[in-house]
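Thank you all for coming. Please have a look at what is on the screen, and then we will go through it together.

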Amino acid sequence: MKRILPVVLAVFLLAGCSPLIEQKDTITIWHWMTDRQDAFTRLAQQYEQKTGVKVRFELYAPSDIYSRKIVAAAQARALPDIFGILGEKKRLALFVESGFVADLTDEFEKNDALWEKSFFEKALNVNRFEPDNAYKVKPGIYGVPLDVTNIQMLYNEELFVKAGIKEPPETFDQFLENIAVLNRLGIDGFVSGWGENWMIDCFSSIYALNIMGEEKVMATYRGEVSYTDEDWIKVLSLFKTMRDHKALVPGIVTKGNKYAEQDFALGRAAFAFNGSWCVNVYDKMNPALQYKVMLPPRVDPDVPMQIWGGAGSSFVVNQTAGNRQRIIDFLKWLTGKEQQVFLSQETKNLPSNREALSEIPDVLLQFAKAMDITTHPSLWPYNESPLVTEAFCKGIQAIIIGEATPEKVATDVQRLKEREMKRERQ
Amino acid sequence: MRVASVKNPSAVNIKDLFGNYLFILPAVLIFSLFYVYPFFEIFYLSLYEWNGISTTRHFIGLGNFFEIMQDKVWWMSVWHAAYITLIALTFQNALAFALALSCDRDIRMRRFYRFVFYLPPVLSEVVVGLIWRWILSASMQGGEPVGLLNYFLTKAHLYHLMRDWLSDPRTALTSIAIVHSWKGFGWGFIILLAGLQTIDRQLYEAARVDGASSLSILKNITIPMMVPVFIMVMILTILGSMQVFVLVLSMVGQGLVYHTEVPVTRILDSMIGTSRFGYACAQGIVFGGILVVGSFILHKFSKKVRQE
């Protein structure tokens, strides 16, 4: 027995090692995109048949769980070959600076920058660090965009007909007039996932850009303009106006985006503020839903509206992954026209490959038309401190539930901003 | 063995001692690896300003702890957890005890009731949260409330009671606390029922022969005999309720302003939302300290009660 035991143990140990040997030949990808897992799996099968290289897409959802897993894996130095980094650009910069993400600039520039040119520039810029960037990251391209997205407003065509509204509103005042008509018929006006801070941040920042322009917004982030400035009060007052005009569906401040999407898909609200991914979501929730895309109505009619967009999902390559060329070959294949058309048709997301745009569904084309006016915090030279952003969004929630005035929120946020700046200086 | 002890008793003692320690070594190793080491690591990290990703950390000593002392939102979240705990200690445990008393008697379908009362704790917190979110929903469809509670209130013509349960600062936290108690009373029920069944039936019979009323039996026999079980249920309730967060996330997501924040959601927010890993570790240490002190006080209190 004493002689057999070590043999048995050795067999078990070797058997335990065998999956590791198999894993070395496999490209492992971690992602959070529940709606794309089936399409990814089918593409992985196609790629294996074509090249013999096994690709495994591992889904970790929802996105906050995924983010936690990525951070934990980074700390344990156990990141997969390919993964995505969610959140603002500062986060990508942290991963790059810590040596977790490979610089792909050379690959993009090969063959007269053929791969680079195949993408929408704004999508690629999300993963690009320019010389002298605020994050002090070595200039280069560090990620591969998988799709692009933008966030606009949508309106329910059937409810519009019911209320006798012929055209979507172009200005904020027209929007409020439409709301009044809808409310008289017992139809709720506007829904969005304002239980999630980033959705409030997105809505408020596009109006900040419309009201005061990008330079003043950036100056605020740098600490040169106070949040108590009249333009910021104007931004915060928009939410009070919407509340006073009963424009918002009940419970909007605790509504996650999934619930907001459900409300719009089931005709519980005439307007929604949502991203281009909603096409897929609405199609699954209510295929009969008749809706169209519109730009958020302007407050200042003389200033063109900018919307958040450009940044969709991106993949980065693990700096320490072995056989990098094989990983990059797969990413090049995945972002090729044919695969991008497949992904776009299967998942109804805007492709990152510009050549694939000609073969996408009509409603996505409506979103695609606005790609030229998109902006995104990832493209801005400065980002606000997450603590200040959180306080700003919570303040907006407080305004919506009637607990605080725009002036009080502005004062509280400015106080926090000053504290944060003092902490940063230290 | 006996021969050896005669030869050299001290050598045998050392051998025995070594043998004993060898037996507990795996447990000590596991405990050290998964409890002691993480605790010291978390304390170590709490002394740094660190984003959780970068390879460099900035030592700030007790700076994070000083900041926590002034963090109003953090202390508000502790108070919210305490409020949920208070409701659980009273409403949840009173309900659990009342139901345990009912099921301790020879009533029909006793087993069925036990099964039904034990069902909520078995359900996933996320599922419970989502179901109650729908029940308490304030959404409207075609002029009719979507949420079950508001729907029944409409049918009962109690329009003045209808509200946005989870988005109203006056009702949001209480709604969460009640759902938490609804989900948790089954644990208390099972433990209290087990405790009730250990009481010698002869005591009840003797009391009845002496003419004691049901209330008198409850006051003079059942409750005094159940004190150790009550204490255990209370400690479990405090530890479970103070750490509530899955239910909060599934019912109100990132929260209604700061009205539904609890310590664990704040820790998660510091860790992921604002990338302040060191601060999150410090919050974890402070929160752990609060729980240890609370449990210690309750333990001392229970000792005193038992002695009396």
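In which sense do strand β8 and β11 of chain A pair, and over how many bridges? This is a predicted model, in which local features need pLDDT of at least 70 and side-chain atom pairs count only at pLDDT 80 or more, while totals for chains, interfaces and linings use all residues. Residues are numbered from 1 along each chain as its sequence is written, and chains are lettered from A and ligands numbered from 1 in the order in which they are written.

To come back to the question, β8(A), residues 151–156, and β11(A) pair in the antiparallel sense over 4 bridges, where pairing requires that DSSP finds at least two bridges between two strands. Within this pair, Y155(A) stands opposite K292(A) of β11(A). Both strands belong to an open sheet of 4 strands in chain A, ordered β9-β10-β8-β11, with mixed pairing. Its edge strands, each pairing on one side only, are β9 (190–191) and β11 (291–294) of chain A. Strands (E, at least two residues) and helices (H or I, at least four) are DSSP runs, numbered from the N terminus.

Now to the two chains: 31 residues of chain A are in contact with 25 residues of chain B, contact meaning that the C-beta atoms, placed from the backbone, lie within 7 Å. On the side of chain A that touches chain B, α3 (63–75), α4 (89–97) and α16 (386–400) each supply at least two residues, and the largest share, 6 residues, comes from α16(A).

Finally, chain B is divided into domain 1 (1–45) and domain 2 (62–307), with bounds from an automatic or database domain assignment. The centres of these two domains of chain B, taken over C-alpha atoms, are separated by 40 Å.
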